[in-house]
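Subject: Structure handover

Hello,

Here is the structure I promised to pass on to you. Please have it open while you read, and my notes follow below.

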Amino acid sequence: MNESKAARYQRYRRRAETAGVVSGVAMLALVALTPLARWLATGALGFGAGLPEVPRAALALVIFLVLLVVAWELAALPASLYLGLRVDRRFANPSIAVEDVLAAQAHATLVALPAALVAGGALMFSAWIAGAWWWAVAGALLAGALVA
């Protein structure tokens, strides 16, 4: 195949990014399909022992979501390291260091965390006020958040 250097770079980049997303989805599936979610939720609720119900639930939600976002980013870390240390060094910038890749991953975590907290808060609020129709209220709230 006679492809340009830029085309090879983009192909390797897409593969690494896809691997990162697939590993994150696999991690979320592991959490959702095993008792791990119940264990994390119980642990998160334990941090708020002694608080009234609503602040306890809010604190548990924050802790649970922080743990999930950090786990997602840790699951995607090998793909990010491959992308930064192999692909980008080979095609773009040979002076990229491990610290640069880890800083970029930490930045991605700090960007994803508020989005996860807003989405989780919208879901929790929807379940609290709408009962069986939580999904309709959550859809409207999340659509409004996306527009904003």
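This is a predicted model: local features need pLDDT of at least 70, side-chain atom pairs count only at pLDDT 80 or more; totals for chains, interfaces and linings use all residues.

Let me start with Leu-85, which, leaving aside its neighbours within four places in sequence, is in contact with Ile-96, Ala-97, Val-98 and Val-101; contact here means heavy atoms within 4.5 Å. Leu-85 belongs to helix α3, residues 53-91.

Residues are numbered from 1 along each chain as its sequence is written, and side-chain values use heavy atoms, with hydrogens and water left out.

Now the overall picture. The chain has 5 helices and 0 strands, and along the sequence the pattern reads α-α-α-α-α. The radius of gyration is 19 Å, well over the 15 Å that the globule rule gives for 148 residues, so the chain is more spread out than a compact globule. (That radius is taken over C-alpha atoms, and the rule is 2.2 Å times the number of residues to the power 0.38.) The C-alpha trace spans about 60 × 30 × 30 Å along its principal axes. Helices here are DSSP runs of H or I with at least four residues, strands are E runs of at least two, and both are numbered from the N terminus.

Buried residues account for 26% of the 148 in the chain. The scale is relative accessible area with a 1.4 Å probe and protein chains only: buried is under 20%, exposed is over 50%, and partly exposed is in between. Of the contacts between residues at least 6 apart in sequence, 60% join residues at least 24 apart.

Helix α4 is worth a look on your screen. Thr-109 sits in this helix, which covers residues 98-130, and Gln-105 is found in helix α4 too. Thr-109 is buried, at a relative accessible area of 16%, and Gln-105 is buried at 10%. The side chain of Thr-109 reaches the backbone oxygen of Gln-105 at 3.0 Å. The side chain of Gln-105, for its part, makes a polar contact of 2.7 Å with the side chain of Ser-80. (A polar contact is a pair of N or O atoms within 3.5 Å; within protein, one must be able to donate a hydrogen and the other to accept it, and residues adjacent in sequence count only if both atoms are side-chain atoms.)

What else do these two touch, not counting residues up to four places away in sequence? For Thr-109 the list is Val-69, Val-70 and Glu-73. For Gln-105 it is Glu-73, Ala-76, Leu-77 and Ser-80.

Leu-141 is in helix α5, residues 134-147, and is partly exposed at 35% relative accessibility. Beyond its neighbours within four places in sequence, Leu-141 is in contact with Ala-122, Phe-125 and Ser-126. Thr-18, in helix α1 (residues 5-33), is partly exposed at 46%. Its C-alpha lies 9.7 Å from that of Ala-76, 58 residues apart in sequence.
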